[in-house]
Amino acid sequence: MDTKNMSWGIVMLLAATLSWGGMFPIAKPALEIIDPYYITLIRYGIAAVLFVVILWCVEGKQAFRLHNRLLPLLFLGTLGFAGFNLLAFTGLTHSKPEHGAVIIAMMPMITVLLSWFLKGHKPHTFTLVTIMAAFLGVFLVITSGHPQQAFAGGKLEWDLLFLSGAICWVAYTMGAERFPDWSPLRYTTITCVLGAIAIGIITFVLTMNHDIHTPTLATLGELHWTIAYLVIMGALIAVLSWNAGIKLLGPVNGVLFINFVPITAFTIGVINGRSFSHAEILGAAIVITALISNNLFLRYRQQMTLVKS
């Protein structure tokens, strides 16, 4: 890997993870005045249009041919964009942004577990140990060191929505393997469009049932900077930068940057005057340490494999 590619890869992955790290703290105040379904619909409705324009310019109209694969793409788009965002933003309405960021950082570990469950790829014992340590760290974060209070007060359920959303996104990401001849941009664009349609249908049904309410134009005008961040930084730039960075540095190196998501969220929290318990800080540190340890272990195994070959 040459220095130029490495430098660009680092820049791309930092742009993605810093954008995601700032997403939850920025979205949290907005969710007090707008329903998570509508903010998700607006976010990915706009992002889908932008992705379409980019894909058309880069790969042409032939990239929009689905080749009789509409149903699996619709399922994956619904799972990733509707499942992840609606679950995560609903959880964020009642939880802390930093909790969501720590859970999102667990995605590499969740990927290992899903690969084991779905494909039978049993991870090494060391990886399993780091996964258990990471889940312990998440438990410390979301309970603030008082598990009995979390269960008694019903607070844990909102963080479990974050976790469910993360599982949806990992499953969506793994679904890209079913389309090996597609570029990341093509897969992202098509599934984003279909996911946005699913979000629109869900939002419409809930609105007609009077479970949620349509935001006013005044509310949308008040939130224009938040919406701009969620669309441009949290969706468009973050996704494209992540895909480009992973391609330049490789998954083993690239996934390490996911640690910047909780670091960014906690830093923004401190700047905004938030205070964190010792258990929350310790839990976040355990998660980051577990991710780094497993990454170093995978690097070591990769090097040993190259030496033997």
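This is a predicted model: local features need pLDDT of at least 70, side-chain atom pairs count only at pLDDT 80 or more; totals for chains, interfaces and linings use all residues.

Q: Fine. How many helices and strands does the chain have?
A: The chain has 14 helices and zero strands.

Q: What is the radius of gyration, and what would a compact globule have?
A: The chain has 19 Å. A compact globule of 309 residues would be near 19 Å, so the two agree. Along its principal axes, the C-alpha trace spans about 60 × 55 × 35 Å.

Q: What share of the residues is buried?
A: Of the 309 residues, 46% count as buried.

Q: And the surface, what supplies it?
A: The chain exposes about 15,300 Å². Carbon and sulfur atoms supply 70% of that area.

Q: What share of the contacts join residues at least 24 apart?
A: That share is 87%, counted among contacts between residues at least 6 apart in sequence.

Q: Where does UniProt place the EamA domain?
A: The unreviewed UniProt entry places "domain: EamA" at residues 8-142 and 158-292. Over residues 8-142 the chain is 82% helix and 0% strand. The end C-alpha atoms of that stretch are 35 Å apart.

Q: Now salt bridges. How many in the whole structure?
A: A search finds three. One of them joins Asp181 and Arg69, with the closest N and O atoms 3.9 Å apart. This pair links distant parts of the chain, 112 residues apart. Asp181 sits in the loop between α8 (156-175) and α9, and Arg69 in the loop between α2 and α3.

Q: Is Asp181 buried or exposed?
A: Exposed, with a relative accessible area of 55%.

Q: Next pair. What does Glu280 meet in a salt bridge?
A: The side chain of Glu280 meets that of Lys96, at 3.1 Å from N to O. Glu280 lies in helix α14 and Lys96 in the loop between α3 and α4 (97-104), so the pair ties together parts 184 residues apart in sequence.

Q: And is Glu280 buried or exposed?
A: Glu280 is buried, at 2% relative accessible area.

Q: Which side chain does Glu177 pair with?
A: Glu177 meets Lys119 in a salt bridge, at 2.3 Å from N to O. The two are 58 residues apart, and the pair links distant parts of the chain. Glu177 is in the loop between α8 and α9, while Lys119 is in helix α5 (residues 107-119). Glu177 counts as exposed at 52% relative accessibility. Lys119 counts as partly exposed at 36%.

Q: Switching to backbone. What is the phi of His67?
A: His67 has a positive phi of about 55 degrees, although it is not a glycine. His67 lies in the loop between α2 (36-59) and α3 (70-94). At 51% relative accessibility, His67 counts as exposed.

Q: What about the phi of His210?
A: Positive too, at about 65 degrees, and His210 is not a glycine either. His210 is found in the loop between α9 and α10 (217-222). At 63% relative accessibility, His210 counts as exposed.

Q: Which residues make the nonpolar surface patch?
A: Ile197, Ile201, Phe204, Val205 and Met208 make it, and the patch is about 520 Å². Phe204 is found in helix α9 (residues 184-208).

Q: Now Thr90. Buried or exposed?
A: Thr90 counts as buried, at 18% relative accessibility. Thr90 is found in helix α3.

Q: What is Thr90 in contact with, leaving aside its neighbours within four places in sequence?
A: Thr90 is in contact with Pro36, Tyr37, Trp158 and Leu161.

Q: Last one. Where is Gln303?
A: Gln303 is in helix α14 (residues 278-308). Gln303 is partly exposed, with a relative accessible area of 48%. The C-alpha atoms of Gln303 and Val138 are separated by 30 Å, and the two residues are 165 apart along the chain.

Conventions. Residues are numbered from 1 along each chain as its sequence is written. Side-chain values use heavy atoms; hydrogens and water are left out. Patches are made of residues with over 30% relative accessible area and no salt bridge: like charges are joined within 9 Å, nonpolar side chains (Val, Leu, Ile, Met, Phe, Trp, Tyr) within 5 Å. Accessible areas come from the Shrake-Rupley method with a 1.4 Å probe; for residues, only the protein chains shown count as cover. A salt bridge is a side-chain nitrogen of Lys or Arg within 4 Å of a carboxyl oxygen of Asp or Glu. Helices (H or I, at least four residues) and strands (E, at least two) are DSSP runs, numbered from the N terminus. UniProt positions are given in the numbering used here, feature names are shortened, and annotations may be inferred rather than shown by experiment. Buried means under 20% relative accessible area, exposed over 50%, partly exposed in between (1.4 Å probe, protein chains only). The radius of gyration is taken over C-alpha atoms; the globule rule is 2.2 Å times the number of residues to the power 0.38. Contact means heavy atoms within 4.5 Å.
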